[in-house]
Amino acid sequence: MAMTSRKSIILGFVLLAAIGGAVWFLFHQEVNSDRPIQEFHITSELKQLSQKEVEKVLKPYLGESFWGVELDKIQADLMRLDWVNQAVVKRSWPNQLEISIEEQSPVARWGETGLLNYKGEVFFPNHIEDFEHFVRLDGKLENSKQLLLTLAELQKEFTKLDWSISRLQETANGVWEIHILNGPKLILDHQDEQHKLKRFVEAYPHLFDKFRKSAQVYDLRYSNGFAIKVKEASSSSSAVDKNSLIGKR
């Protein structure tokens, strides 16, 4: 009885080894075959990219070896397209490639020709006309992430005044120029900027209407207040600039 059981176990191992060998042989033959790529399938929805742009990149790979083609190379080619943030290419047996593309998701404009994604990364597509209403950021390219964070912090404060930032520029000397949508411009430096900004936001509702209505620029760089640059029409109907220091605290 024990002998029969032992023979059954040995026979089972032999069968498993034979099946495993056959599977390995077939797999080895398949991997080394010249099976060509016959089609590709884009699994993600495209909004900014056109189907033709993606197909132009993929078509040269049709007919290449299904197992031998370099997927990293295809992904690199797709990443060169304007609106591609991430691209993943997978084999789909027996002869198809599956393409998944994550498009860029812009949150702001960068200068005249660029856009900024939510990570603070700048990219330069061929056309940005559809995003002209986005907030515009200007500054050194290497500071793009910090500038996006600064925009969020500033906008949080200006929301208290029902203001929306239309443009934020960091100048060469490290000063922020903040343009309010349909409103004035503010100038703010990096020295104790949180205190200066908070002081202005608290003081603004208490300014005389004549200042608020005629203000062109609020200069927040002063340690003891802020200056208002206004434009008033003179008797000769010409415009002159006036500066007033407000909010000494």
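In what order do the three strands of the open sheet stand? Here are some friendly notes on that and other features.

1. The three strands run in the order E1-E3-E2, and their pairing is mixed. Strands here are DSSP runs of E with at least two residues, helices are DSSP runs of H or I with at least four residues, and both are numbered from the N terminus. Two strands count as paired if DSSP finds at least two bridges between them. Strand E1 (39-42) and strand E2 (84-92) are at the edges with a single partner strand each, so one side of each has no neighbour in the sheet. From one strand to the next, the twist averages 25°.

2. Before going further, please keep in mind that this is a predicted model, where local features need pLDDT of at least 70, side-chain atom pairs count only at pLDDT 80 or more, and totals for chains, interfaces and linings use all residues. Residues are numbered from 1 along each chain as its sequence is written, and side-chain values use heavy atoms, with hydrogens and water left out.

3. On confidence: pLDDT is the predictor's confidence in each residue, from 0 to 100. The protein averages 86, and 80% of the residues score at least 70. Over residues 21-32 pLDDT stays under 50, and the model has four contacts (heavy atoms within 4.5 Å) beyond four places in sequence for them. Residues 234-242 also stay under 50, with 15 such contacts.

4. Back to the sheet: E1 pairs with strand E3 (residues 96-103) in the parallel sense, over four bridges. Ile42 stands opposite Ile99 in E3. Helix H2 (residues 51-58) lies across E1 and E3 and runs at about 145° to E1. Helix H3 (residues 71-79) lies across E2 and E3, at about 150° to E2. For these angles, axes are lines fitted to C-alpha atoms, for helices over the stretch in contact, and values run from 0 to 180 degrees between N-to-C directions.

5. Two backbone details are worth a look. The peptide bond from Trp93 to Pro94 is cis, with omega near 15°, and Pro94 sits in the loop between E2 and E3. Asp162, in the loop between H4 and strand E8 (165-170), has a positive phi near 60° although this residue is not glycine.

6. The largest pocket has a volume of about 260 Å³. A pocket is an open set of points, on a 1 Å grid over the protein atoms alone, where a 1.4 Å probe fits, with protein on both sides within 12 Å along at least five of seven lines; lining residues have an atom within 4 Å of a point. The volume is the space filled by probe spheres set on the points. Among the lining residues are Gln146, Glu153, Trp176 and Lys198. Helix H4 (144-158) and helix H5 (193-203) each give two or more residues to this lining, and H4 supplies the largest share, five residues.

7. The second largest pocket holds about 150 Å³, with a lining that includes Gln48, Trp83, His127 and Phe131.
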